[in-house]
Amino acid sequence: MAKGLDVGTMNLISAQQEGAETVFVQQRNSFVEIEYSDMAEQMLSRSDVLHIRKDDKVYVVGDDALNFANIFNEETRRPMQHGILSSEESSAIPMIKLITEQVVGQPNHPGERLYFSSPADPIDSDLSTLYHEKTLESMLGDMGYETEPINEGMAVIYSELANHNFTGLGVSFGAGMTNVCLSYYAVPVMKFSIARGGDWIDEQAAQATGTPVDKVTSIKEDDFELDFRTDVGGVEGALAIYYENLLDYVIENIAREVDEEDVEEDLDVPVVVTGGTSSPRGFEKLFEDHLRDASIPFSISEVQSVDEPLYSVARGALVAARSDEEQEETDGDRQAQESPAED
């Protein structure tokens, strides 16, 4: 057995194989603080709401946090910001530990292989991903897993481009960051991240319209469509504007990095876009139109989206973990065959 884990700013998602099916477990990576009372804690426990108590506060965690935030007109808090653990949130580590335990559970056996997603260092920010990656590695190791980080963009390629020999450009539009990876036969040629994603869109739209961020997020996740027929001045109109601005920004940085990496001009590769921020209808077409208008020195054979973009990174991490585990078993069998028989 092996597991994959997508450690996202908005969601934590695990993947594992059960027979012929890949099973995903998901929790929102957020929490909200409410005043403690015996009655409140009893009601939360009876309703199976994920929560923990600390002193005179109760923290509602995961999927229920957004519902409570909207009811009490509060803002959710996040263990992560801009794709990594938040340095501004004192409860970041205990909260993400609680959510992670709910998502991945205990290892099926000691030392079970688990690959978890980690972003590349952003090219447009001074943020470093090292502390984030090492903290998660330690936390998951303490739970009993044999862990390995995997670049988020590379995980997309493992998940979606097997039919192309793991060759292509994978772009994961997450909440905190956008991760990009160009791979040639499963070897990364270029990988980087950009410190903008779905959160940036929400924050800009909220500021422009005077709407709470969590309300903007709820509107975006509730059948929002990039058709540019929305009301001017409303939240959906603002979302469309900032979505298009994000795509232009990402593509501009892809073109710049391709030039700097001196990628071969005769490449003809597929492009796959995924991640929760790519979920709205119309996203794939808008991205393809803008990408084909850009000055990129290699050919694009196709631009494809996926049926469940939220699960791509977790699925790709699982593919890598299972491949690694199978290789270890093969190596172990080979060593056993080559060892001289004992007298």
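Student: What makes the crossing of α3 and α4 right-handed?

Tutor: A crossing is right-handed if the near helix is turned clockwise from the far one by less than a right angle, and left-handed if anticlockwise. In this predicted model, α3 passes α4 in the right-handed sense. Local features here need pLDDT of at least 70 and side-chain atom pairs 80 or more, while totals for chains, interfaces and linings use all residues. Numbering starts from 1 along each chain as its sequence is written, and side-chain values use heavy atoms, without hydrogens and water.

Student: Why is α3 called oblique to α4?

Tutor: The axes of α3 (residues 92-104) and α4 (residues 130-142) cross at roughly 50° and come within 11 Å. Under 35 degrees would be roughly parallel, over 145 roughly antiparallel, 65 to 115 roughly perpendicular, and the rest is oblique. So α3 is oblique to α4. Those axes are lines fitted to C-alpha atoms over the stretch in contact, with angles from 0 to 180 degrees between N-to-C directions.

Student: Which residues of α3 and α4 meet?

Tutor: Contact means heavy atoms within 4.5 Å. Ile93, Ile96, Lys97 and Thr100 in α3 meet Tyr131, Thr135, Leu136, Met139 and Leu140 in α4.

Key:
Helix = DSSP H or I, 4+ residues; strand = E, 2+ residues; numbered from the N terminus.
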